[in-house]
Amino acid sequence: MNQFVEKEDILVAAESWPLLQKVGLTSFAAFMNFTGGTRVVHKRGRSVFRFEVDGRAFYLKRNRIHHIELWKKLSRGKWPPRSALQEWNSILAVAREGIPTVTPIAFGERTLFGLETASFTVTEELYDARPLDEIVRERSKTSDHFFDKRLLIAKVADLARRFHAAGMNHQDFYLNHFFLGKGGELYLLDLQRLQHRARVPQHYRIKDLAQLNYSAWYHGGFSGSDRLRFFLVYLGQTKLSDADKRLARKIMAKTARIGRHDVKLMERRRKRGELPPAD
């Protein structure tokens, strides 16, 4: 893990500081106003840019307070999270548990009475690694299986088991947040909404597993036998008990609800211009 140093109003990996200086990223304002690189994500109050320095690639994720998102949180009786700080601490916590994830590079935030008004994180790109949704989508359309599907299922199930056993739940546990390296190493990304407790409540465990199940269905290539294989590895068992079957039914019911919600969410994002119009 990197060693971090404070530079004015930001926290940065010591070994990466000279690289960031080369592109003028030396203060909080510089990170928040940076226009280099390519924008890869644009959502209400949130953006992600990819940029390169001396052959290394980085992702700059920025958060800014947005009145609609703020009102949505407050109207539900919730205080908006300190997104960058939460993600930064989550990356460090996941790494401590031995679960591969992105390399943290820099962090900064501005708050007002405990409310995050602006923040950013920088992480380094995972080289020679691809998101599982891309891999699965490609291989579901061809008989060329360059990876062992059973081995992949076992790896994802084992990571999910260790992740939940450590008291963590993700809340965005979809295939595009798992990356597979050329050497077969599996990474877990996008930890902005991660929660960490002594023990994961069943509700959140079901939510994570249903999101993963929905993602597997959406991108195709996984049978009922594949799902059973995943569940058995996740549980660390060779057969399902009655309690396990009840849990499986709850996961399937939650999967169906996620599917219905996803349709409505995509339509709202298209209306906001965050996604292109449907064909």
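P131 stands opposite F179 in strand β10. This is a predicted model, in which local features need pLDDT of at least 70, side-chain atom pairs count only at pLDDT 80 or more, and totals for chains, interfaces and linings use all residues. Residues are numbered from 1 along each chain as its sequence is written, and side-chain values use heavy atoms, with hydrogens and water left out.

Strands here are DSSP runs of E with at least two residues, helices are runs of H or I with at least four, and both are numbered from the N terminus. Three bridges join β8 to β10 (residues 178–181), and the two run antiparallel. Two strands count as paired if DSSP finds at least two bridges between them. Strands of a sheet pair through backbone hydrogen bonds, either parallel or antiparallel.

A helix covers part of this sheet.

The largest nonpolar core has 42 residues, and L132, V156, F163, F178, L188 and F230 touch the most other members. Such a core is a set of buried Ala, Val, Leu, Ile, Met, Phe, Trp, Tyr and Cys residues joined through side-chain atoms within 4.5 Å. Buried means under 20% relative accessible area, exposed means over 50%, and partly exposed lies in between (1.4 Å probe, protein chains only). At least two residues of this core come from each of α4 (83–96), α5 (132–139), α6, β10, β11, α7 (202–219), α8 (224–235) and α9 (242–271). Helix α6 gives the most, with seven residues. L188 shows the packing. Another core lies apart from the largest one; it has 19 residues, among them L19, F31, F34 and A106. In soluble globular proteins, nonpolar side chains tend to be buried together.

The buried residues of α4 are S83, A84, E87, W88, S90, I91, L92, A93 and V94. Just after α4, G98 takes a positive phi of about 80°.

The side chains of K61 and E87 meet in a salt bridge, 2.9 Å from N to O. The pair links distant parts of the chain, with K61 in strand β5 (residues 56–64) and E87 in helix α4, 26 residues apart. Both K61 and E87 are buried. A salt bridge is a side-chain nitrogen of Lys or Arg within 4 Å of a carboxyl oxygen of Asp or Glu. The whole structure holds 16 of them.Other pairs sit elsewhere. R50 forms a salt bridge with E52, the closest N and O atoms being 2.8 Å apart. R50 is partly exposed at 24% relative accessible area, and E52 is exposed at 52%. D158 and R161 also meet in a salt bridge, at 2.3 Å from N to O. Both lie in helix α6, three residues apart, about one turn of the helix. D158 is partly exposed at 25%, and R161 is partly exposed at 32%. Salt bridges that share partners join E15, R56 and E124 into one network.

Two loops close the tour. D54 is found in the loop between β4 (46–53) and β5. Its phi is near 50°, a positive value in a residue other than glycine. D54 counts as exposed at 53% relative accessibility. D128 is in the loop between β7 (115–124) and β8. D128 has a positive phi of about 55° although it is not a glycine, and it counts as exposed at 55% relative accessibility.
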